[in-house]
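Reader: Please take me through some labels used for this structure. I want the value and the cut-off each time.

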Amino acid sequence: QVQLVESGGDSVQAGGSLRLSCAVSGASFRRSYVGWFRQVPGKEREAVACLYVSTDLASRAVYADTVQGRFTISQDSSKNTVYLEMNNLKPEDTAVYYCAQSRLIYGSECRTDPSDYAYWGQGTQVTVSS
């Protein structure tokens, strides 16, 4: 059974940084998409960043325009953990952040539609104050 557990959410001031972690158990990263999504009340869940991890653990990332240049997604296969490094945080980054994994591969570019991901963590709250 695949399980994902996020951690690292916190309250920070604008301009600050956080690193979110997502520990994955029950499945390898090899040949999968792993993504970070976020959601605020009353809005749809949106993609923040995702990775396609190949069978040899090479990875290719895709970022939302709103976080490009500020956020970095990475993976450590030895720890079966995905990270989201968030810098220069803005109040509009406030949300619950979720990690997700999909083992249905359509190509070397990861999917940004939440409906393409079958496995989800419980979420971690990030609050950025101005």
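Author: Start with a charge over a ring: Arg45 lies over the face of Trp120, 4.7 Å from the ring centre. The model is predicted, so local features need pLDDT of at least 70, side-chain atom pairs count only at pLDDT 80 or more, and totals for chains, interfaces and linings use all residues. Residues are numbered from 1 along each chain as its sequence is written, and side-chain values use heavy atoms, with hydrogens and water left out.

Reader: What makes Arg45 count as lying over the face of Trp120?

Author: The rule asks for NZ of Lys or CZ of Arg within 6 Å of the ring centre and within 35 degrees of the ring normal. Arg45 is at 4.7 Å from the ring centre of Trp120. Arg45 also lies over the face of Tyr98, at 3.7 Å.

Reader: Why is the pair of Tyr98 and Trp120 called edge-to-face?

Author: The structure holds five aromatic pairs. In this one, the ring centres of Tyr98 and Trp120 are 6.4 Å apart and the planes stand at 80°. Rings of Phe, Tyr and Trp (its six-membered ring) pair if their centres lie within 6.5 Å; planes under 30 degrees apart are stacked, over 60 edge-to-face, the rest tilted. So the pair is edge-to-face.

Reader: Why is Tyr98 called buried, but Trp120 partly exposed?

Author: Buried means under 20% relative accessible area, exposed over 50%, partly exposed in between (1.4 Å probe, protein chains only). Tyr98 has 14%, so Tyr98 is buried. Trp120 has 25%, so Trp120 is partly exposed.
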